[in-house]
Amino acid sequence: MKNYVIVVAGGKGLRMGGDTPKQFLPVKGKPVLMRTLEAFHACDAQLELILVLPADQQAYWKELCSTCHFTLPHRIADGGETRFHSVRNGLALVDEEGLVGVHDGVRPFVSQEVIRNCYREAAQKEAVIPVVEVVETLRRLEESGSETVPRSSYRLVQTPQVFTVSLLKQAYAQPYSPMFTDDASVVEAAGHAVHLIPGNRENIKLTTPFDLKVAEVLA
């Protein structure tokens, strides 16, 4: 039995307002993606790291690794047309039974406790995702206007989403659907229940310039 994590980093950084893909932007001098990979290695040095990057970004990544003396062992898979196809490409490098997590490359502040809990629970429940409570009021948009909905009925979904290797490979054998927004949605479409566990509030997805300002405080 072997444990893996597939770190998906295919963003173009358009909402960041610059030319550099957001996964390569520095936070206190270190690229976001390196911080993400280090978080998993620090939690479990035996965890096999699989990085999914668009083919046209891989040379730049290798240059960054050389410049920053980043030596954590990891394998690289080519990014696909969508996140679904990228994860499927990463799964092709998973060659043993065990557990496999899928994590957003621009979530560098996932806690070690959340990582450990996700893998531990997935060993028993096969499909586990971290979530956090909604703290603000939610409104649902209707054609006639909008209405408040009970926030206690909703959760914000994070990564890593962790599954048994056999289950995730079976799920990703399905044809692509635009309804697939994360790995949990793919697994559920294959007919398997997904279990929720608490995430950590700092585990934000760095998407906007404001997020980068928050990251500088968290780092």
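Modeller: Rings of Phe, Tyr and Trp, the last by its six-membered ring, form a pair if their centres lie within 6.5 Å. Planes under 30 degrees apart count as stacked, over 60 as edge-to-face and the rest as tilted. Keep in mind that this is a predicted model.

Biologist: How many aromatic pairs does that rule give?

Modeller: The test is on the centres, which must lie within 6.5 Å. Applied to this predicted model, the rule brings the count of aromatic pairs to six.

Biologist: Is the pair of Trp 61 and Phe 70 stacked, tilted or edge-to-face?

Modeller: Both Trp 61 and Phe 70 are buried. Their ring centres are 5.7 Å apart. The planes stand at 65 degrees, so the pair is edge-to-face.

Biologist: Which residues form one aromatic cluster with Trp 61 and Phe 70?

Modeller: The cluster is made of Phe and Tyr residues along with Trp 61. Besides Trp 61 and Phe 70, its members are Phe 24 and Tyr 60.

Biologist: What class does the pair of Phe 84 and Tyr 176 fall into, and how many residues apart in sequence are the parts it ties together?

Modeller: The centres are 5.6 Å apart and the planes are at 55 degrees, so the pair of Phe 84 and Tyr 176 is tilted. Phe 84 has 4% relative accessibility and counts as buried, whereas Tyr 176, at 38%, counts as partly exposed. Phe 84 belongs to helix α3 (residues 83-91) and Tyr 176 to the loop between α5 (165-171) and α6, so the parts tied together are 92 residues apart in sequence.

Biologist: Which residues have the most contacts inside the largest nonpolar core, and which element gives the largest share of this core?

Modeller: The largest nonpolar core has 29 residues, and those with the most contacts inside it are Leu 33 and Trp 61. Two or more residues come from each of β1 (2-8), α1 (32-43), β4 (48-53), α2 (58-67) and α4 (112-125). The largest share is six residues, and the element that gives it is α1.

Biologist: With which residues is Leu 33 in contact, leaving aside its neighbours within four places in sequence?

Modeller: Contact here requires heavy atoms within 4.5 Å. With those neighbours left aside, the partners of Leu 33 are Val 7, Ala 9, Gln 23, Phe 24, Leu 51, Leu 53, Trp 61 and Gly 105.

Biologist: How many residues are in the other core, the one with Val 94 and Ala 127?

Modeller: This core lies apart from the largest one, and Val 165 and Ala 171 are also among its residues. Its number of residues is 26.

Biologist: Do the buried residues of α2 line one face or fall around the helix, and within what arc?

Modeller: The buried residues in α2 are Gln 58, Trp 61, Leu 64 and Cys 65. Seen down the helix axis they line one face, since they fall within an arc of 115 degrees.

Biologist: What covers those buried residues, and which residues are exposed on the other side of α2?

Modeller: The cover of the buried residues includes β3 (30-31), α1, β4 and β5 (75-78). On the other side of α2, the exposed residues are Ala 59, Glu 63, Ser 66 and Thr 67.

Biologist: How many disulfides are there?

Modeller: A disulfide needs two cysteine sulfur atoms within 2.5 Å. For Cys 65, the nearest cysteine sulfur is that of Cys 68, 7.7 Å away. For Cys 118, the closest is in Cys 43 at 9.7 Å, too far for a bond. The count of disulfides is zero.

Note on methods. Residues numbered from 1 in each chain as written. Predicted model: local features only at pLDDT ≥ 70, side-chain atom pairs only at ≥ 80, totals over all residues. Heavy atoms only, no water. Core = buried A, V, L, I, M, F, W, Y, C linked by side-chain atoms within 4.5 Å. Buried < 20%, exposed > 50% of the residue type's maximum accessible area, 1.4 Å probe, protein only. Helix = DSSP H or I, 4+ residues; strand = E, 2+ residues; numbered from the N terminus. Arc of directions from axis to C-beta.
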